[in-house]
Amino acid sequence: MPYGFNKTKFKNEILDYIRNFSRKTLEDASPQEIYQAVAFAVRDVITDDWIETQRAYTNQSPKILYYLSMEFLVGRALGNNLVNLGILKDVQSALKELDIEMDLDLIEDQEPDAGLGNGGLGRLAACFLDSLSTLSYPAYGCGIRYNYGIFKQKIENGMQVEYPDDWLANGNPWEVKRNDNAQEVKFGGRVETYVDETGRLHFVQKDYDSVLAIPYDMPIVGYKNAFINGLRLWDAEAPQKFILQFFDQGAYEKAVEQQTLAKTLVEVLYPNDNHYKGKELRLKQQYFFVSATVQQAVAKFKKTNTSIYTLPEKVVFQMNDTHPSIAVAELMRILIDQEGLNWEEAFDITTRTCAYTNHTIMIEALETWPIDLFQRLLPRIYQIIEEINRRFCIQLREVHHLPENTIHDMSIICDGEVKMAYLAIVGSFSVNGVAAIHTEILKTNVLKNFYQIYPHKFNNKTNGITQRRWLGHANQELASLINETIGDKWYTDLSELKKLLPYSTDKAFIQQYSAIKQHNKERLARYVKEHNGILLNPHSIFDVQVKRLHEYKRQLMNVLHIMMLYNEIKANPNGHYVPRTFIFGAKAAPGYTRAKLIIKLINCVADLVNHDPVTKDYLTVVFIENYCVSNAEIIIPAANVSEQISTASKEASGTGNMKFMLNGALTVGTLDGANIEIFEEVGKENIFIFGLTCEEVLSLYASGTYNPWDIYNTDEAIRTVLRDLINGHLNPRDYNLFIEIYESLLNRAGDNLADPYFILKDLRSYYNVQKEVEKAYQDQTTWQQKAIINTACSGKFSSDRAIKEYATEIWGLQPLNLNLSF
């Protein structure tokens, strides 16, 4: 820590906080009160650096990044901040001197995971913020301060049940409310026009509803560099929270109606959009935080700059996936309606200020909105998009001479929908994919028409993860071993881990590395015993698949393979089998019925194999409920096998694969997303690859020749597990429980293909590669060597590398110099 750590002051602040805010002594304080006290004491350490960083923003007037994302899956802040401040051991020592009976791990457990994200998109954003601060790039993360996150998952009778994630119940000691930066956001109404005395046309929104967007800032601490960026999260309030006139008349509900409606905007992440009201709320959420951010960014720019025409030199908006793409139209609105620019000037500035990251090749995930909903909710924004589209179609017709059917296919507004990904492409100067193969598929398949006219916009930026959380904090014992062996430069330069390669054949290092993995497995076993009541064999293969549940991620294929192993052992109970523990963790979207049914299937299989006396010594299946960052930090360091088994061509990149690799798990995966680049880094001997390639998958889609009944009729083991889905073997009380899954694998349903994610097509290949895993694991020395090589070769996958590429090749950012003298 550049300013040093004053242990005495730190201890006194803990005691003062407990006395002043809890009216207790340390001895009487609850675990939550002790956590709050420690967190506020750490925030006090951060605050001076945060102020100095903001002062550097003002004095140096740098170009600033606004990273727009619906999700920031930041996890718990306390431990990560201690690592990045470099005071983890100092704080442990201070707590010991205070005679606090709880160790730091238990204090950290009092902090809820921030309910700000769900999956890889949000975790990537969190890793990127960590790297931006560590590399001293001026940036804000910008999102929504959700009151209840996505949901808290409970498993009841094997089924996912959603409960509110009340993560703010005890307050958030890391946030600072900034009423001085509040912004008004308008919805609905109508647009009127008038011409002023100069002949200029003006647009005015009338009879609208509005909310106040109130920012809460959380510090994002750089690693030992005194640099603190902010995560700006927008809360919603009514312009008039309480109307006394209504209250005095006895209309109590009407008195607070506006505030209630405003709060609906920020209640949950990704409200169910299977109905019209849900779609409306999602669109309002997206516009809410984007409008507030763009308004505030322009206002901040104008405080230190005199010409709006220099905005692209000082501001860049990065749209993290399609959700924030409405930023293109919002910036146009501000430049035209508020700053008085003409269309051509505004569009030139906008298309030099906005950049877009695409995170999916799945057409259905490229967000669209019904025109009637969009036009009613955001009338002025719709007008602007309509004009962008009109001019774009003219350009396609008159400059590029494209046929009308192609123009129709590329139109931002067509077939009753507004296509937000297309708006992002047309309105941005950069369009990037997140893995080499993903970017190529965008260019040659999904967005090929756009690539042909905008080849200069398309580029690749392979995802990355922050090693400071995923090794430095999550696997502290391994981090210490690495520090002792090659030094600690890897905290800011992950390529330093290459220096571990010679130690992959060092007997003493292998033993230490292996012992740490075993300790981590034992820690996870204790967690599972406490939370699931299941005893794990820590000497078995820990085979882990933890990620958002979607059919293309193929948790279903994993569980069908487990069913095959179960049948194999039952048929030959005296055979030789390698004990295996299969660990799942996943949330399914509340409206995604089939995904929730797959969770039920996993738990039915777990009940079967875990209680069968013939198989329970060889197979254990665990579903860890409410998968999140904090339990991922326990799960990932314990894994022997990392399941990255998406249908080739479907996973844009993945970042879980990188976290497991860093912690020495061997990947079982398809040649999809960043798996391909992991394969290139570690070599074919240190990864287990199976299944169709991207080219083969795309060819099968194009030809329509795949028939899963061919597999059913020729592979007895696969046929048996499919029959087990519907013969009552898994659920004697309801033979039809899994018939939907059975049908989806074998039969077409309307326009939907049978087995659209090629689960049966790849299942035999998957089974075979798992046999290779079992064989390899029996040679523990060689296995540990492969694990060490995976850790050593993970340098490419640091978010620091990714952020440097974004900063130099897209954003044009320069690191800030804090000019500190120590």
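Me: Hi! Which residues of helix 13 (residues 343–350) are buried?
Reply: The buried ones are W343, A346, I349 and T350, where buried means under 20% relative accessible area, exposed over 50%, and partly exposed in between (1.4 Å probe, protein chains only). Helices here (H or I, at least four residues) and strands (E, at least two) are DSSP runs, numbered from the N terminus.

Me: And why do they end up on the same side of helix 13?
Reply: They are on the same side of helix 13 because they cover an arc of only 135 degrees around the axis. The arc is that of the directions from the helix axis to the C-beta atoms.

Me: Before I go on, what sort of model is this?
Reply: It is a predicted model, in which local features need pLDDT of at least 70, side-chain atom pairs count only at pLDDT 80 or more, and totals for chains, interfaces and linings use all residues. Residues are numbered from 1 along each chain as its sequence is written, and side-chain values use heavy atoms, with hydrogens and water left out.

Me: Thanks. What do the buried residues of helix 13 pack against?
Reply: They pack against helix 11 (311–314), helix 12 (327–338), strand 12 and helix 15 (379–398). Contact means heavy atoms within 4.5 Å.

Me: Strand 12, then. How does strand 12 (residues 354–357) pair with strand 16?
Reply: In the parallel sense, over three bridges. Two strands count as paired if DSSP finds at least two bridges between them. Opposite N432 in strand 16 stands T357.

Me: How does strand 16 pair with strand 17 (residues 458–460)?
Reply: That pairing is parallel too, over three bridges. In strand 17, N459 is the bridge partner of N432.

Me: Which way do the residues of strand 16 (residues 430–433) point?
Reply: S430 and N432 point one way, V431 and G433 point the other way, and all are buried. In a regular strand the side chains alternate between the two faces of the sheet.

Me: New topic. What is the order of the open sheet of three strands?
Reply: The order is 13-15-14, and the pairing is antiparallel. Strand 13 (368–370) and strand 14 (413–414) are the edge strands, each pairing on one side only. Between strand 13 and strand 15 (residues 417–419) there are three bridges in the antiparallel sense, and T368 stands opposite K419 in strand 15.

Me: How many cavities of 30 Å³ or more does a search of the whole structure find?
Reply: Eight. On a 1 Å grid over the protein atoms alone, a cavity is a set of points where a 1.4 Å probe fits but cannot get out, while a pocket is an open set with protein on both sides within 12 Å along at least five of seven lines; lining residues have an atom within 4 Å of a point. Grid points are joined across faces, edges and corners, and a volume is the space filled by probe spheres set on the points.

Me: What about the largest cavity?
Reply: The largest cavity holds about 210 Å³ of space. It is lined by 18 residues, with V74, N80, N81, I220 and R469 the closest to its centre. Helix 3 (78–85), helix 6 (120–134) and strand 9 (209–221) are the elements that give two or more residues to this lining.

Me: And how does that lining divide by class?
Reply: The largest cavity has nine nonpolar, five polar and four charged residues in its lining. Ala, Val, Leu, Ile, Met, Phe, Trp, Tyr, Cys and Pro count as nonpolar, Asp, Glu, Lys and Arg as charged, and the others, Gly among them, as polar.

Me: What is the volume of the second largest pocket?
Reply: About 630 Å³. This pocket has 31 lining residues, and Q54, T58, Y140, R178 and K300 lie nearest its centre.

Me: Which helix gives the most to that lining?
Reply: Helix 2 gives the most, with eight residues. By class, the lining of the second largest pocket has 12 nonpolar, 10 polar and nine charged residues.

Me: Last one: where is Y208?
Reply: Y208 is in the loop between strand 8 (201–206) and strand 9. Its relative accessible area is 29%, so Y208 is partly exposed. Not counting residues up to four places away in sequence, Y208 touches E184, K186, F187, G188 and G189.
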